[in-house]
Amino acid sequence: MARPTRNGTQRDVFTNTSRTHQNRHTIRAAKRQANRQDRAAARRAVGMPQDAVVLLFVGRIQPLKAPDVLVRAVARMIEDAPWRREKLRLVIVGGPSGSGLDKPLALQALARELGVKDVVDFVPPVDRSTLVRWFHAAD
């Protein structure tokens, strides 16, 4: 089955062996490899285990953004499959803001109440370069 390409030429949809396709595949593979290397280096930099599943929340901690929903979701994930506790990490980067200033430790209290304090890491606000490391370290 042939399909026109952008430049008007025909290519076989099922057996695309064009050089362009091969180059894209090579570039994607190289990007995946670079991303894995970036992740490994970033995790070393922020002190996260290489085999962890890292969920990341970044921002000002306030009820409007509902970070409590994420903490509750992690608790539910562990409740449904207790083996996840070993590798799952929730990292919350940021500080209380706005209406969150009323109860700055409420999210930490919720994690403790739900029994996931050992899985949730609270990181105070960081500079941009450290923030980039956190983004690279996250899944």
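Two strands count as paired if DSSP finds at least two bridges between them. I note this before looking at a pair of leucines. The model is predicted.

Entry, strands 3 and 4. I looked up how strand 3 and strand 4 (residues 88-93) are paired, and found the parallel sense, over 6 bridges. Within this pairing I checked Leu55, which stands opposite Leu90 in strand 4.

Which order do the strands take? I read 3-4-5, in an open sheet of 3 strands with parallel pairing. A reminder to myself: strands of a sheet pair through backbone hydrogen bonds, either parallel or antiparallel.

Entry, helices on the sheet. I found helix 2 (residues 67-80) lying across strand 3 and strand 4, and it runs at about 170 degrees to strand 4. Helix 4 (residues 128-137) lies across strand 3, strand 4 and strand 5. I noted an angle of about 140 degrees between helix 4 and strand 3.

Entry, the whole chain. I listed 4 helices and 5 strands in the protein chain. Along the sequence they follow the pattern β-β-α-β-α-β-α-β-α. How many of the contacts with a separation of 6 or more join residues 24 or more positions apart? I found 70%. Of the 139 residues, 27% count as buried. For the accessible surface I wrote down about 9600 Å², with 54% of it belonging to carbon and sulfur atoms.

Notes
Residues numbered from 1 in each chain as written. Predicted model: local features only at pLDDT ≥ 70, side-chain atom pairs only at ≥ 80, totals over all residues. Heavy atoms only, no water. Helix = DSSP H or I, 4+ residues; strand = E, 2+ residues; numbered from the N terminus. Contact = heavy atoms within 4.5 Å. Axes fitted to C-alpha atoms, helices over the stretch in contact; angles between N-to-C directions. Buried < 20%, exposed > 50% of the residue type's maximum accessible area, 1.4 Å probe, protein only. Areas by Shrake-Rupley, 256 points an atom, 1.4 Å probe, with all protein chains shown as cover.
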